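Good morning, and thank you for joining.

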Amino acid sequence: MAASPSSLERWQSFLQDCRSLATIVEPMQVSGRVTRVAGLVMEAVGLRLAVGSACTIPLPNGARIEAEVVGFSDDKLLLMPQSDVEGIVPGTRVFPVEVVHSLPKPGKVAHPRRRPSDRGRHLPVGDELLGRVLDGAGRPLDNLGPLHASQSAPLHVRAANPLAREPIADMMDVGVRAINSMLTVGRGQRMGLFAGSGVGKSVLLGMMARYTSADVIVVGLIGERGREVKEFIEQILGAEGLARSVVVAAPADTPPLMRLQGAAYTHTIAEYFRDQGKNVLLIMDSLTRYAMAQREIALAIGEPPATKGYPPSVFAKLPTLVERAGNGRPGGGSITAFYTVLTEGDDQQDPIADSARAILDGHVVLDRALAEAGHYPAIDIEQSISRAMHNITGPEHQQLARRLKQLYSRYQRNRDLISVGAYSAGSDPVLDQAIALIPRIESFLQQGIQERSGIAESLGQLAGLFDA
């Protein structure tokens with residue numbers, strides 16, 4: 001039997017009241033509680049979350065601490081905070097967070113909606129980031145106001161299928177004569193900059209950032225001194241370099257999780273610009289500090305140390321990060337990456353240096369003896385190599401570079417004999433030529449900080465060494 005009009009109106013009124021109540025009722029939130037804080041790690045119970053999930057911990061004073069699930073033991077979750085843990089009391093509630101992103105409407109900025117679920121950390125990307133300095137969580141550090149970024153991207157993604165990548169075929173001009181001519185770098189190549197402390201690696205990185213032919217520069221300052229961040233931006237990178245750059249800074253005083261996140265965010269930004277068809281120069285200083293941050297986390301959650309105190313997860317994390325750089329699909333953009341590797345005590349067999357050397361496409365070694373002798377940049381061309389150079393340079397270029405290396409190496413091996421006058425001219429024709437050319441070779445390998453040397457100019461000067 002059909003309902004009477006009055007009865008239908010009552011039902012409609014009742015449903016409308018229910019809808020009104022539903023809009024003001026607080027939804028039930030799943031939460032856990034903190035049971036232990038020991039050093040860098042917090043333990044929580046009452047939640048079932050996957051490793052890598054994001055959590056938020058409200059404090060009694062109204063502040064919040066963001067954390068990430070880094071492991072579990074039975075029914076306990078191991079959380080790593082992104083900031084100091086001051087203010088946490090026993091039983092503090094822990095809420096899971098997932099950032100769900102939707103496409104913005106025309107003319108509006110996309111704002112993340114948070115749902116009580118697991119995983120999903122997205123950070124802002126886009127052209128709005130150019131000229132800005134951010135921390136590892138995507139927050140501005142330069143006091144220039146909010147980002148107003150219209151897009152976001154996941155922090156952790158899988159590396160591209162290696163068979164779908166375009167091979168390295170074109171040269172990348174970095175503006176440094178010794179690298180352009182002797183250690184030619186290709187677009188999409190990943191190079192290591194191996195150096196001890198105080199040998200001039202930051203200045204060399206700044207020169208490449210200012211003089212490179214890349215469309216966009218993405219700089220990750222991971223685990224370095226906080227004082228160096230401002231110096232690198234203002235004195236080394238400069239206003240001209242910053243205008244087409246994005247700088248992500250996670251200094252040494254930030255928690256290890258933020259240092260790891262800062263390195264991942266640096267690659268996320270670079271991948272965004274690569275997917276837009278642009279050639280990106282990625283500079284990360286340093287890969288060693290990234291490994292040390294992972295070591296802190298791994299040891300804190302109970303992973304046993306292996307090689308010189310580094311747990312196995314450290315050596316698994318390095319290739320996962322590095323493989324995100326490189327060329328994209330054919331016809332697309334590229335990420336040419338330079339990673340600095342600190343060699344403790346100038347030991348080239350340091351475990352991180354040795355591992356990085358195996359997974360990178362070449363290495364540039366800075367020598368302390370050259371730096372102390374005033375030779376800048378202090379590149380040791382005997383120990384340095386570019387593994388893609390033979391694919392992107394012609395036979396004449398390769399022959400000239402090989403000839404210069406031979407002469408330089410022959411002179412270095414006999415330097416002591418020459419210094420004490422024990423060598424007789426005419427005994428070795430190759431060494432005689434090296435002695436005659438060594439002043440010009442050393443002058444060629446040196447370069448002023450304010451001097452730019454493009455690829456064509458570098459090759460012309462290399463050929464000119466042997467013409468006279």
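**A bent helix and its surroundings**

In helix α4, the residues E228, V229, F232, I233, I236, L237, G238, G241 and L242 are buried, where buried means under 20% relative accessible area, exposed over 50%, and partly exposed in between, with a 1.4 Å probe and protein chains only. A word on the source: this is a predicted model, in which local features need pLDDT of at least 70 and side-chain atom pairs count only at pLDDT 80 or more, while totals for chains, interfaces and linings use all residues. Residues are numbered from 1 along each chain as its sequence is written, and side-chain values use heavy atoms, with hydrogens and water left out.

What covers those buried residues of α4? The cover includes β9 (132–134), α3 (201–211), β12 (216–222) and β13 (245–250). Helices (H or I, at least four residues) and strands (E, at least two) are DSSP runs, numbered from the N terminus.

Where does α4 bend? The bend falls at L237 and amounts to about 100°, taken as the angle between axes fitted to the seven residues ending there and the seven starting there.

Let me turn to the backbone in the loops. Two peptide bonds are of interest here. The bond from D285 to S286 is cis, with omega near 10°, and S286 is placed in the loop between β14 (279–285) and α6 (287–300). The bond from Y376 to P377 is also cis, with omega near -5°; P377 lies in the loop between α9 (368–372) and β18 (385–386).

Next, positive phi outside glycine. D74 has phi near 55° and lies in the loop between β4 (64–73) and β5 (76–81). D74 counts as exposed, at 75% relative accessibility. N143, likewise not a glycine, has a positive phi of about 55°; its place is the loop between β9 and β10 (151–154), and N143 is exposed as well, with a relative accessible area of 76%.

Finally, the chain as a whole. The protein chain holds 14 helices and 18 strands, and its C-alpha trace spans about 115 × 45 × 40 Å along the principal axes. Of its 468 residues, 50% are buried.

Terms used:
Contact means heavy atoms within 4.5 Å.
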